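Good morning, and thank you for coming.

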Amino acid sequence: YTAGGSTSNLNMNLYATKKTAAEGMLDIALFLANITHMKTVIEQGAGYRYYAAVLTLISFSLALQIVAGILIIIIARRDLNEEANQKRLDSLNNTTTIIIFLIFVTNIFISVFGMERTGLFARMHF
């Protein structure tokens, strides 16, 4: 809300930059969590039932997170207010959203396969 009573002067570039920065911080947090999970799986050793599957999924997730992080940096560095950038930024944003969705799905599988020896199910026997 501006002093003139209009909200149409919203700086879309500032909004997009803040949104992109928040996405970047969440990507970093998930990246660190996956690194920690990978370390735990490696410490458990190859005797772990889903060792190869979980390591592959974590590696895939980390690779996707690196690509998403690079795209987020590219998006953040462009000016959304310039009309010439808008179509490309929309395309990059859609690509980033798809990659983040793939990261989400991959991490669901990581969690499912990783529950055998870690977390709540470590003490349960089926």
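**Aromatic pairs in the model**

Searching the whole structure gives two aromatic pairs. Rings of Phe, Tyr and Trp (its six-membered ring) pair if their centres lie within 6.5 Å; planes under 30 degrees apart count as stacked, over 60 as edge-to-face and the rest as tilted. Tyr50 and Phe113 have ring centres 4.9 Å apart and planes at 55 degrees, so this pair is tilted. Because Tyr50 lies in the loop between α1 (12-44) and α2 (51-77) and Phe113 in helix α3 (residues 83-114), the pair ties together parts that are 63 residues apart in sequence. Helices here are DSSP runs (H or I, at least four residues), and strands are runs of E, at least two, numbered from the N terminus.

This is a predicted model, in which local features need pLDDT of at least 70 and side-chain atom pairs count only at pLDDT 80 or more, while totals for chains, interfaces and linings use all residues. Residues are numbered from 1 along each chain as its sequence is written, and side-chain values use heavy atoms, leaving out hydrogens and water.

Buried means under 20% relative accessible area, exposed over 50%, and partly exposed in between (1.4 Å probe, protein chains only).

Phe101 and Phe104 also form a tilted pair, 6.4 Å centre to centre with 35 degrees between the planes. Both lie in helix α3, three residues apart, about one turn of the helix. Phe104 counts as exposed, at 51% relative accessibility.
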